[in-house]
Amino acid sequence: MSAAAPTFLEFFCGGGMARAGLGDGWRCLLANDIDPKKAASYAENWGDETLIVDDVRAIDPARIPTRADLAWASFPCQDLSLAGLGGGLQAERSGSFWPFYNLMTALHGQKRAPRLIVLENVCGALTSHGGRDFQAIGKALHALGYAFGALVMDAIHFVPQSRPRLFIVAAAGDVITPKSVLETGPNPLWHSASLITAHNKLHAELKAVWRWWRVPAPSAPPPPLSAILQDPPTGVTWDAPEKTAKLIAQMSDVNRAKLKQMQQAGHPVARTLYRRTRPDADGGRHVRTEIRQDDVAGCLRTPAGGSSRQTLLIADGDKVRTRLLSPRETARLMGLPDSYRLPARYNDAYHLTGDGLVAPLIRHLAAHLLEPLLSNTP
């Protein structure tokens, strides 16, 4: 690696998927996570030379050796998620943003604030508390002299997984922004309606430092779902025929028609299944099994309960089989190479990948926005 390689700090680092996406052309100065299991995976894959396993609140700015080019923070999403309790940035987990921000403030006081900050989270961060949490983040960045903009990037453009995520990209005042990374207004590819609404709610002083970042569409289509499947799978077993029959029995007529169409394709067809609780004609509710038909998996989630795990269905004529996605398949859905070492326990591996970042998306963002922003900056 060149001594001039851009440097980064990786907070809430998990298994190091931001690092996987940035690639070998970047040099890590510090990585941090409070979760010992995730940190063990980080160390297993990247070494522990720069790793601090502790609360972000406990990090002394003196542990950061020099001014970094980038600070990446994928802070906890639970309180910003639409499925969460709505605590927002004031709640314990998503409120971890503030200790991270306090560290950035301390570095700013030492004239060592990173040239770029990337905040990654769920899209619920745009609407949490009526947009006030998004405004609070923008106000905090502006207070440190950063200009900022955001993108909603869906992993579906890079891997066979639907996973829209919010990326707030902030540039310090001394970053020279090339015109090539700026749009004149929102681009529907990465600037969703909810993002535009959140922008429109910003106060005037924040709109004045807002940037509509330009990132091109990927040049190649994502692989199909079948491309990430293991044969044979590791870490999971095929369901007993009785369990598969029960899943099929829970399908509506519409979903049984989808299954029949798969069976008549003349070759094996793989799709993912979901179990949903739906209202019935008698005013009650019961569980339905539904087929996702667009050749991608749904968003991987951390398996706090069995319902968050996705079931794979493969139909080949009369032969229909089901099973959970294997840990390696979840890693492939995050764009990780098979050389990436996963935890031995199924839930630990699923938790690590389901809580991570899609590496090819990060590489695309780095190549087309982060690296150009740094290329002319002293």
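**Cysteines and domain contact in a predicted model**

Cysteine 299 is buried, with a relative accessible area of 14% (buried is under 20%, exposed over 50%, partly exposed in between; 1.4 Å probe, protein chains only). The model is predicted: local features need pLDDT of at least 70, side-chain atom pairs count only at pLDDT 80 or more, and totals for chains, interfaces and linings use all residues. Residues are numbered from 1 along each chain as its sequence is written, and side-chain values use heavy atoms, without hydrogens and water.

Cysteine 123 is partly exposed, at 22% relative accessible area. Its sulfur has that of cysteine 299 as the closest cysteine sulfur, 9.6 Å away, which is too far for a bond. A disulfide is counted when two cysteine sulfur atoms lie within 2.5 Å. The count is zero disulfides.

The chain is assigned domain 1 (7-222 + 355-375) and domain 2 (237-324); such bounds come from an automatic or database domain assignment. Seven residues of domain 1 and eight residues of domain 2 make the contact (heavy atoms within 4.5 Å). The domain centres, taken over C-alpha atoms, are 35 Å apart.

About 560 Å² is buried between domain 1 and domain 2, with 56% from carbon and sulfur atoms. Buried area is the accessible area (1.4 Å probe) that two parts lose on being put together, summed over both. Pro160, Gln161 and Ser162 supply 60% of the area that domain 1 buries against domain 2, more than any other three residues.

Zero salt bridges are counted between domain 1 and domain 2 (a side-chain nitrogen of Lys or Arg within 4 Å of a carboxyl oxygen of Asp or Glu).
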